[in-house]
Every structure is written in C-alpha cells, then in structure tokens.
Amino acid sequence: MATLSAVMKTTAARLSALYLVLFAACAVMLVIYVSSLSTRILVGQTQEAISEEVAGLGRAYQRGGLIGLVRLVEIRARQPGANLYLITDPNGRILSGNVESIQPGVLDSPGWTENAFFYRRFGEPGPEGGENGHAAVAQIIRLPNRMILLVGRDLSEPDKFGRVMRRALAASLAMMGLGAFLIWYFVGRRALRRIDSVTEASRQIMGGDLARRLPVSGAGDEFDRLSENLNAMLDRIAGLNEGLKQVSANIAHDLKTPLTRLRNRAEAALNSSGGPDAAKEALEQTIAESDQLIRTFNAILMISRLEAGYSAESTTKLDLAAILSDVVELYEPAAEEQGVDLKAETVESVQIDGNRELIGQALSNIVDNAIKYSAGFGQKPSVSLSLRKEKHAIRLAVNDTGPGIPEKDRERATERFVRLEPSRSRPGSGLGLSLAKAVMTFHGGRLELSGTSGGFTVAMIFPAGKNG
Amino acid sequence: MKILIIEDDREAASFLKKAFSEAGHIADVASDGEAGFALADGGNYDVFVIDRMLPRRDGLSVIAGLRANGNTTPALILSALGEVDDRVTGLRAGGDDYLTKPYAFSELLARVEVLKRRAGTRDVETLYRAGDLELDRLSHTVRRGGQEITLQPREFRLLEYLMRHAGQVVTRTMLLENVWDYHFDPQTNVIDVHVSRLRGKIERGFDKPILHTVRGAGYMIRAD
C-alpha cells in the first residue's frame with residue numbers, strides 16, 4: 001500500500017522521525033553527562049577514602065613507627081574488600097601489603113598516580129605481567145626512611161557503573177526506536193489511511209458521484225470535523241445545484257408557456273381575416289402578455305441577484321413603519337374595490353438598516369397576495385398589518401382572513417414559481433413570496449408563515465439588536 | 001422637440017427614430033459613445049436618450065463628460081441593468097431619468113416629454129391651472145369652477161404631479177416613482193384605483209372630463 005517514500009511523505013512519519021532523533025540526542029547527552037559526573041564523583045570519593053586511609057596510617061606510623069605501620073597494613077589488607085596496600089623498600093621490593101605485582105614505574109613518583117594503573121593481588125590467578133590485572137588509582141608516599149607506601153583503590157566499581165550506563169543508553173535508544181515505529185504505525189498509518197479515504201471519496205465526487213460524502217469515523221477528531229465541514233459544503237453546493245436545476249426547469253416552463261401562447265396568437269392574427277380591429281386586439285393582447293413575461297423575468301433576475309448577495313451599500317437607515325404605511329396607503333383603494341378591509345394595527349416606529357425599495361416590494365407582494373386570497377368564509381375579508389419590536393426580532397406581520405396555505409405546502413410556497421392553486425387562474429408570476437423570502441434573507445431575516453384558515457399570517461422577521 | 005438617441009443596436013435605434021418622428025419629434029441617432037458625445041456636445045438638442053452600455057465610450061461617461069462641459073440638457077438612460085443600485089449610479093452620473101429595458105415606447109415617450117418640460121420650466125410654479133381646475137401648492141387647495149374639492153394628502157400629490165405635466169402623458173410607473181417614491185412594479189392595478197378615485201372627486205358633478213386615460217400608456221390632465 002504505502003511505499004517507504006510515501007510513508008516518509010506523511011506528516012506523522014516525519015514527526016515520528018523528528019521526535020526519534022531529538023529524543024535520542026537528548027538521551028545520549030543525558031547519559032554522557034550523568035556518567036561523566038558520576039565517574040568524577042566516584043573518583044573523588046575514592047581519593048577521599050584513600051586520603052583518610054593515608055592519614056590513619058600516618059598516625060599509626062607516628063605512634064608505632066614502621067612496625068606499627070606494617071602491622072596496621074597487614075590487618076587492613078586482610079579485610080574483605082580491602083583497599084590496596086603496599087610497602088616497599090627504596091628499591092621497590094615488596095615488604096608488606098596485599099599487592100603481588102604492579103605496573104612498573106608506578107612507584108617512581110610520589111603523590112597521586114596520574115593515570116589508572118594495573119596491578120594484581122595476592123592469590124589471584126592469572127598469567128605473569130602487569131597488564132592483565134585490575135585498574136586502580138593510588139597515592140604514593142615516601143616514608144622518611146625512603147621506604148614507599150602505596151594506598152590505592154580498585155577502579156572496577158566506576159567502570160562497572162559506566163558499563164551500566166552505556167547499556168542503559170543502548171536500551172533506551174532501542175526503546176525509542178521501537179516507540180517511534182509504534183507511533184508511526186498506529187497514528188501515522190491511521191492518519192494516512194483516513195486521508196487516503198478522503199482523497200478517494202473526493203475523487204469519486206469529482207468524477208461525478210455528487211451524492212457521495214466524505215467518510216466520518218465518529219471519533220469526533222479533527223478529521224471528522226474537517227469531513228463534516230466539507231460535507232456541509234458539498235450539501236450546500238448540491239442544494240444550490242438542485243435549486244438551479246429546479247429553476248431552469250421552472251423558467252423553461254413559465255416562460256415557454258406564455259411565449260408559446262404569444263406566438264400562437266401572433267400566428268392566428270396573421271392568418272385571420274378579422275380585419276384591423278381583430279388584428280389590433282391581438283396585438284394588444286400580445287403586448288400585455290409580453291409585459292407579464294418581462295415582469296416574471298425581472299422577478300427571476302432580482303431573486304437571483306439577491307441570492308447571489310446584493311451590495312451592502314444599497315442599504316440605508318429607514319423606518320419600517322413608514323414603509324408599512326406607504327404600502328397600506330398604496331393598496332387601500334385597490335383593497336376597498338375588492339371589498340377587502342385593509343388596515344394597519346399596532347405599528348411601532350422601528351429603525352433598521354435596509355433597502356427601502358426591496359422591503360417595499362416584498363411587503364407589497366405579501367399584501368397583494370393577502371388581498372387576493374383573503375376572501376374567507378362568511379366574514380368580511382380583511383387584511384391587517386402590524387409592526388412590533390420583539391425581544392430578538394422585529395416582526396412585520398400581514399394577517400388575512402383567507403384560507404391560508406396548508407401546513408404541508410408552506411415550505412413549498414416560498415419556492416420559486418410555486419403557485420399552490422393548480423389552475424393558475426389568478427394573475428401573478430408565482431414569484432411574490434419567493435421574492436419576499438429572498439429580500440428577507442438579504443436583510444438577515446426570514447419569512448414566517450403561520451396561522452390557520454381564517455387567520456393566516458405571513459411575517460417578515462428582521463433581526464433586532466444591531467440597529468436598535 | 002429635438003432628440004438625440006445614442007444607441008448601438010441599429011434596429012432599436014431606427015425603431016426609436018421612427019417612433020419619435022411619428023410622435024412629432026425630430027430624432028438623430030449616434031451608434032457609439034464617442035460619436036454620440038461629439039453630436040451631443042455640438043448640437044442643440046432638447047433631450048438625450050442614451051444607452052448605458054455603448055461601444056467606445058460608456059453611456060454614463062458620455063453624460064458625465066457632457067455635464068463637465070456645462071451641458072445641462074436632460075438625459076434619459078436606457079439600460080438592461082435595472083436594480084436599485086444601477087438606477088442610483090445612473091442618476092448620480094448626471095442622468096435625469098432611468099428606464100430599464102425592455103420598455104414600452106409609450107413609457108419612453110412620456111418620460112422624454114416630461115424631461116423636456118422640466119428643462120423648460122426650471123422654476124416650480126405655485127399655482128397650476130388646467131381649464132377650470134386649479135391647484136394651489138401654497139394653500140394646498142384644489143378648486144374646480146371655483147368650487148373647493150377636498151383631497152387626501154396623497155390624492156393632492158397625485159393631482160399635483162398630473163397637473164404639473166398637464167397636456168402630457170404620465171405613466172403608471174412615473175406616478176409610482178414620483179408620487180410614492182418607489183420604483184418597483186406593483187403586481188396589480190393599484191395606481192389605476194388611486195387615479196379613478198381622484199377622478200371621481202374632480203369630475204363628479206362636472207360635465208367635462210379632465211383626467212383622461214390614454215390607452216396603453218397612462219393618464220393625462222387636459223382641458224379640451
């Protein structure tokens with residue numbers, strides 16, 4: 001699946017490698033530091049012990065002379081784990097102590113031996129020669145009678161310690177290598193696999209499988225969040241795409257039907273023998289029809305532009321109450337003519353940032369609809385408008401006494417071109433509510449349909465707060 | 001009236017030229033921005049009708065250039081762009097009116113004639129008179145044959161606009177724009193109902209009609 005170079009290209013593998021190198025370097029430095037420090041401390045302790053020993057022997061020499069010294073050396077040399085003791089005559093012949101042989105030349109200069117030297121104790125097996133004994137450090141003192149006293153200590157302990165440290169270093173390096181591999185294996189490869197699956201899924205989506213979504217493991221980690229966001233984006237795109245398809249189909253239908261009618265009428269007028277009056281009438285109908293087409297077309301364009309995001313500079317501070325009374329005033333005679341009672345109730349003055357034209361048009365669409373469909377059951381049809389500032393919203397509601405829109409159709413009612421009346425007999429492009437909805441979306445608000453037959457309400461909900 | 005049409009679509013331009021001359025006006029045509037600017041700057045026109053998108057020089061730039069040269073001849077912008085913003089930019093560039101394509105010629109004609117009149121009478125009169133109908137802008141009164149007629153404020157403004165353009169056709173959209181200050185297209189005949197109400201008030205009890213409906217175009221105040 002993954003070749004080494006591919007593995008090294010993954011972030012996780014790179015991180016594992018980097019951490020491995022870093023920790024290894026740290027471990028090596030730490031071990032070097034600890035071992036050199038502890039070696040120094042051990043050597044220091046050794047020298048201190050030797051110095052004390054020498055001081056003790058010196059006191060014995062003062063008290064009991066050479067005999068006392070030798071006796072003490074004999075006693076101490078026999079103790080288990082004893083230090084090295086050696087007394088020689090000026091010529092280097094061994095008189096007393098527990099050393100059988102010693103590296104030549106060690107005894108020549110008094111004071112601390114500069115380097116570790118080799119020696120062999122009595123009773124120890126081994127071939128002749130100084131090189132194969134134990135290493136040791138010692139202090140060499142010339143006694144007043146030119147005899148030589150050596151007190152030393154074996155170095156095997158610090159050596160052993162150093163070996164332990166080196167072994168520990170090697171072991172920890174090995175552990176780290178193993179750890180890095182495991183981290184890569186469990187984290188890196190897992191990440192790699194998930195990214196592979198995302199890549200694969202997106203490739204399929206690009207390949208045309210638009211319904212496919214990126215895998216979400218359910219772990220809730222950053223991969224899931226990324227996938228979820230990308231999926232939400234894909235859903236949005238799919239929604240827009242679906243809307244576009246729907247709209248093109250609807251445009252095709254809603255523009256083609258009147259265009260066909262138009263063409264048929266022109267053709268009929270051309271072929272008819274009705275004379276100039278009939279021709280004139282046909283032409284007038286043609287113009288009326290094309291005006292309706294233009295109206296529909298303008299509404300489609302406007303909705304598209306609103307949905308695409310209108311420029312923000314087109315908004316100003318305005319009073320919704322003023323627009324409300326404008327629209328009521330504009331529609332009042334027309335409503336009266338149709339026997340509909342149009343009135344404004346509970347109107348508060350509310351300032352918002354908005355586009356007067358758009359809000360005016362949206363509201364007049366809603367009022368137009370309400371008047372058109374307010375004919376109710378027995379009671380006198382009426383349409384009433386109200387404007388109220390609520391806690392989190394501004395609510396401009398248009399209430400009518402008509403049958404309203406059934407609950408199941410409300411979602412659909414604000415879609416483009418949907419006219420719920422199957423017959424399509426009444427005038428209108430079917431875009432009134434869609435346009436109102438687009439205007440509300442543009443203003444950061446929404447359109448709310450509520451109520452029941454005889455008390456149906458379409459409300460324009462504007463966000464409150466930011467404009468006071 | 002002498003009109004300059006700057007429009008790059010030949011068919012549309014020749015249709016306009018013909019339609020204007022049928023309405024009793026003289027129209028010249030320029031088919032790009034530069035030529036149009038040269039003609040407009042040199043000639044003596046009453047109204048310019050300028051397409052917004054023109055080859056060689058943009059319509060708005062033509063108007064801005066004319067205004068910079070001190071030419072105040074009213075200009076009407078024709079445009080396929082009809083959103084609120086587009087209208088505002090058009091008028092800001094020095095245009096006097098804005099009409100979105102596709103338009104009815106009757107609408108264009110009515111607007112051009114009103115523009116010409118507006119340019120002619122810069123000072124706004126305080127008393128409008130048409131036949132036996134009088135509108136006094138200062139005292140806010142309307143009389144017909146010496147008899148006072150009570151109007152609602154909006155009806156007064158409607159009549160005021162109609163009377164300022166007495167003898168000229170005023171379209172429904174012109175009324176909505178100038179009396180209500182909205183530019184959208186009301187779906188139903190709301191303006192017609194307003195006008196017929198007003199008509200009821202100023203014609204009831206009088207023999208002669210004075211507020212006429214011009215078929216396919218709009219309305220006109222005219223004392224025969």
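Helices here are DSSP runs of H or I with at least four residues, and strands are DSSP runs of E with at least two, numbered from the N terminus. Ser364(A) belongs to one such helix, H7 (residues 356–373) of chain A. The model is predicted, so local features need pLDDT of at least 70 and side-chain atom pairs count only at pLDDT 80 or more, while totals for chains, interfaces and linings use all residues. Residues are numbered from 1 along each chain as its sequence is written, and chains are lettered from A and ligands numbered from 1 in the order in which they are written.

A residue is buried if 20 or more other C-beta atoms lie within 10 Å of its own, exposed if 12 or fewer, and partly exposed in between, with C-beta atoms placed from the backbone. Ser364(A) is buried because 25 other C-beta atoms lie within 10 Å. Contact requires C-beta atoms, placed from the backbone, within 7 Å. Leaving aside neighbours within four places in sequence, Ser364(A) is in contact with Val327(A), Leu330(A), Tyr331(A) and Pro186(B). The C-alpha atoms of Ser364(A) and Val327(A) are separated by 6.0 Å, although the two residues are 37 apart along the chain.

**Helix packing and cores**

H6 (residues 320–337) of chain A packs against H8 (residues 190–203) of chain B at an angle of about 80°, with axes 8 Å apart. Axes are lines fitted to C-alpha atoms, for helices over the stretch in contact, and angles run from 0 to 180 degrees between N-to-C directions. H6(A) and H8(B) are therefore roughly perpendicular, a class that covers 65 to 115 degrees. Leu330(A), Tyr331(A), Pro333(A), Ala334(A) and Glu337(A) of H6(A) make the contact with Val190(B), Val193(B), His194(B) and Arg197(B) of H8(B).

A nonpolar core is a set of buried Ala, Val, Leu, Ile, Met, Phe, Trp, Tyr and Cys residues joined through C-beta atoms within 7 Å. The largest has 104 residues, of which Tyr331(A), Ala362(A), Leu363(A), Val439(A) and Val49(B) touch the most other members. Another core, apart from it, has 22 residues, including Ile50(A) and Val137(A).

**Strand pairing**

Two strands pair if DSSP finds at least two bridges between them.

| Strands | Bridges | Direction |
|---|---|---|
| S9 (residues 341–347) and S11 (residues 382–389) of chain A | 6 bridges | parallel |
| S11(A) and S12 (residues 393–400) of chain A | 7 bridges | antiparallel |

Ser386(A) in S11(A) stands opposite Glu345(A) and also opposite Ala397(A) in S12(A). S11(A) and S12(A) form a hairpin with 3 residues between them.

Terms used. Angles under 35 degrees count as roughly parallel, over 145 as roughly antiparallel, 65 to 115 as roughly perpendicular and the rest as oblique. Two residues are in contact if their C-beta atoms, placed from the backbone, lie within 7 Å.
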